[in-house]
Amino acid sequence: MAKKRTTKKSPGRKKAPAKTSAKKPATKSKSVAERDERTSARLTTLADGIVKSAMSGREPKVEVPTRSAGNTKWNKSRGILQMGSGTQERQLFNLGQARKFMQTLLHGEGIKKLIGEGKTQSLRGMYYQGLHDIMGTKEKTFNDQTESDAILEDLEVTIGALREELHVFAKKRGTMVGNITVIDSGDTIDCRRMGSGGYAIPSICEPDVIQFDSVEADFVLHVEKDTVWQRFNEDKFWRDYNCILTEGSGQPTRGVRRMLHRLNKEHGLPIICLLDCDPWGHYIYSVIKQGSISLAFESERLAIPEAKFMGIRSSDYQRCDLSDDVKITLNDRDITRAKQIAEYPWFADNKPWQKEIQGMLKNGFKMEVEGLITKDISYVTETYVPERLAAEDWLG
Amino acid sequence: MAKKSSSKARATAETMAAKQRDISVSEFFAKNRHLLGFDNPRKALLTTIKEAVDNALDACEEAGILPDIEVKIEEITPPPSPQKAGRYRVTVTDNGPGIVRRQVENIFGKLLYGSKFHRLKMSRGQQGIGISAAGMYGLMTTGKPMVIHTRPKKNKPAHHIELAMDTTKNVPEVTIDVETDDFPQTSSGTGTRVSLVLEARYARGKTSVEAYLEQTAIANPHTQITFIPPDKADEDPELEGEPTDEDTEPEQAESGDIVRTEEHADRIVYPRTIGELPPETEEIKPHPYGVELGNFLRMLKATDEKQLGGFFKREFCRVTPAVVSDITKAASSKGKSFTGQSWIKNIDHAAAEKIYAALQDAKLRSPPTDCLAPIGVRQMLAGMLKGVQAEFYTASTRSPAVYRGNPFQIEAAVAYGGDLPGDQQARIIRFANRVPLLYQQSACCAFKSVVETGWKNYGLSQPRGGAPVGPLVVMIHMASVWVPFTSESKEAIADYDEIRKEMTLALKECGRKLGAYIRRRQRMKREGERRDVFERYIGEIAKSCTALTGVDTAELYDNLMKQAKRRTEIADAKLDEEGKFIKDDDGRLAKDDDVIIVRDGQIANPKDEPKAETEAKPAKRSTPASGKKTAKKKVVKKVKKKRSPAKAGLFEG
């Protein structure tokens, strides 16, 4: 179909930009400068509160918004999950919290430094940046990266700044290819010419890092895993059907979700998901559509209420006349999780979805997208998806 | 028995009769010495000393003399190899009332002769076997007679008697009988010294002479014991030079000093820590519930009384005339009716059995309990303090109870912490009428009660079906007019439900106090650890805050540290303003009269001496009423003593 060419890039330079984003503080836009200033000020306010308490003999503490299912509200009219107003106190003089309290401040200090120097840092980098022996002991400030990552998420919600505003990014995960050109940190990347590997979606997909150019695709097809994505890319599905092909390696990262969100909001592209027929596939769709519990505070800029679920549907076993080989029996955990998902408020009054989950439970088995290979290697790209697209039969 | 019409009859009634004759008790013993605790050379030494010391203590107490006892072991022939027996001379000297000349042979030379068997009275010895059995053992193994010095009258020469024994006839033979001046000047002026040579083995350990004396000292804090072991006896101790005046008697010190066992170059001294004798005990008549039918019949036959009423009144306790009329009515039948006036000679076997049954069914009051003299809480604590180096001591005395018609009383004490080994099972020391029981621990009711008690509730670990593990010494004492031993060698208390229940209750009382103490310790430790945690992080936090706000690091640090200290103040309880160690007041626990806490070699919660009260009514020392009174007195004094009143409130909440 459309084969518009944009600037040519040497393959060697393609991967570099994604890794070192925001390399040029000199070109920092005015809005970015303001944003950094705001983040710095919030960190200072946080520390000021602690210092004041300490100096007046009151208990130093930090209010951290709670990131749990209990504090997640389902905004039905907007179709997204939002964080409630619940907070937890993090106290210094509490044996279970003292260490986290210290770590929160340590990362606060680290982020202020990053902002001051105009650099960004990976989650792993943040872990190493904050890591040292506590004075006079053999205790490390962080035991592992998980501990550090959780503190950063806490810090995001505490001072109400996003991860990128903290100058922190995650390991990139997820791939993109299709009829679109992306300008990533000033480098133009033609996603039509990405070979077999595709364009790695960066962790930060904010407009100051990523801009879109010549978005020619009609829609986005998001698949669950890299293996499926490879099939579609090899068959050049995106060329034939004029779309953008993305994958999120399982549960998509914030970067992938932000990319999808922007393509949907800024260019009106429908997001169509091809995921496994199992509770985990269902939940990936739910996160893309409504947002997740732990990142409910970011739903506004990540959730895509218009996203569609194409399949695999529980009825496909019969409709496509699949063999028994595709059946994977549901185990107890799958069943529990499916029932749990069915009870989430954002699924509870969605009749088609209730029917879908019940259908899967009734089947007693789950199916993976790869299972379609039992029909034919390219069954999924040549028959299954085209048929579904033509039928426009999806769950919303 | 005789075989019927058999040509090869092995024996006839006549030939058998020719062989049948009396068995002398002494002869029986000679063959069955293990029954009395002379199974092996090592145990023989212990049993010999035990019998001699028990007798000495009983005699001193009956005569109202504070006992001063010296035990000396001399090695005559060393054991040829460590496993074999050597020859030892054992000499036990007391300051008791002495023995009148004519009784010496009977007491020391005759088995089953004594004052203690026929009466129901709390005393160490019971059967009258002990010391004479030791003498017989010595005679059998070495051929040496027992040497006795005794001075029953002050300022008169002592008797020197040497005794051998005819084991076939159970008759003592006096070989030497002279008067002598060679007798140490004891504190009382009178006294007895017994000296035996026997085949034995001297060793240290859990069942050694030393352990026995140490435990005796714990249960008898009114006694001073000097022990001269064989490896030290050669150093020619100047016994006569021993200062024994009453003035230097170590009273339980009020200042918090602890009187401990003293190890000298040539002797070990277990000093007296309580300057008063245990109260004298009353002898009681048997309670009907404790008398078996055969015994009852024998008593009926032997009594001097002519009528039933008189018989019951004279021979039993708690059988009132009203009870007598009830019993006789119950035992009466159509043909025969009995009353209190019935003549005893007219009562045949069947009638006696009926009366006995009625007696067992009758509702009788429990036997009197003034016949018991418990060691007492204060005395047990003093004893434990002397013999066990721990940091926490508590003791408890139960009210008297009854098993099979015999009154008894259980006491328990525990010592915890300090230098005691923390990774071993608790050491359990058992006493019956103040006598340590060293052997057959697992067969003993006291051990079973320790196992039965749930020590986990009190913060100790306890393997299933075992004694608790931890730095713990458990002491259990049973006082009774008749302690039910499992065997003649008096090594383990029989397992009666009533006894076990009382023991468990006493242990629980101690356990609760111990648990409170352990939890307190743990809390203080936790607070200390908490502060450590805070202190560790405060430095980091101050640094980060400086980077974020520009605040002065040192100032913030100081402020946070101040707060950390305030919030973990409890950990500071033992530090005063200069950071020096002072006594933690240990909260309410320290105010309890039955608790002693030792810190830095001092009693952290010294008690007032309730002297006046104790002397007036020694037997009621440990009743709850008087306990409370002293506790109140304590509180008043404590408040005055307190250095910083602000800290006093810390533990109340």
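**Exercise 1.** In which hand of crossing does α10(B) pass α11(B)? Work it out from the axes in this predicted model.

*Solution.* 
Step 1. Describe the pair. Two packed helices are described by the angle between their axes and the distance between the axes.
Step 2. Find the two helices. They are α10 (residues 321-331) and α11 (residues 349-361) of chain B. Their axes come within 8 Å and cross at roughly 125°.
Step 3. State the hand. α10(B) passes α11(B) in a right-handed crossing.
Step 4. List the residues that meet. B:Ile327, B:Ala330 and B:Ala331 come from α10(B). Their partners in α11(B) include B:Ala351, B:Lys354 and B:Leu359.

**Exercise 2.** Describe the open sheet of chain B and find its edge strands.

*Solution.* 
Step 1. Read the order. The 9 strands run β5-β4-β3-β6-β2-β1-β7-β9-β8, with mixed pairing.
Step 2. Go to the edges. β5 (171-180) and β8 (262-263) each pair on one side only.
Step 3. Check one pair inside the order. β3(B) and β4(B) run antiparallel, joined by 5 bridges. B:Thr150 has B:His159 in β4(B) as its bridge partner.
Step 4. α3(B) (residues 41-63) lies across β1, β2 and β6 of chain B. It runs at about 10° to β2(B).

**Exercise 3.** Compare the reach of α3(A) with the expected span.

*Solution.* 
Step 1. Count. Helix α3(A), residues 98-117, has 20 residues.
Step 2. Compare. α3(A) reaches 29 Å, close to the expected 28 Å.
Step 3. Check its cover. Of the 20 residues, 16 are buried.
Step 4. Look past the end. A:Gly118 follows α3(A), with a positive phi near 65°.

Notes:
Residues are numbered from 1 along each chain as its sequence is written. Chains are lettered from A and ligands numbered from 1 in the order in which they are written. This is a predicted model: local features need pLDDT of at least 70, side-chain atom pairs count only at pLDDT 80 or more; totals for chains, interfaces and linings use all residues. Helices (H or I, at least four residues) and strands (E, at least two) are DSSP runs, numbered from the N terminus. The expected span of a helix is 1.5 Å times one less than its number of residues. A residue is buried if 20 or more other C-beta atoms lie within 10 Å of its own, exposed if 12 or fewer, and partly exposed in between; C-beta atoms are placed from the backbone. Two strands pair if DSSP finds at least two bridges between them. Two residues are in contact if their C-beta atoms, placed from the backbone, lie within 7 Å. Axes are lines fitted to C-alpha atoms, for helices over the stretch in contact, and angles run from 0 to 180 degrees between N-to-C directions. A crossing is left-handed if the near helix is turned anticlockwise from the far one by less than a right angle, and right-handed if clockwise.
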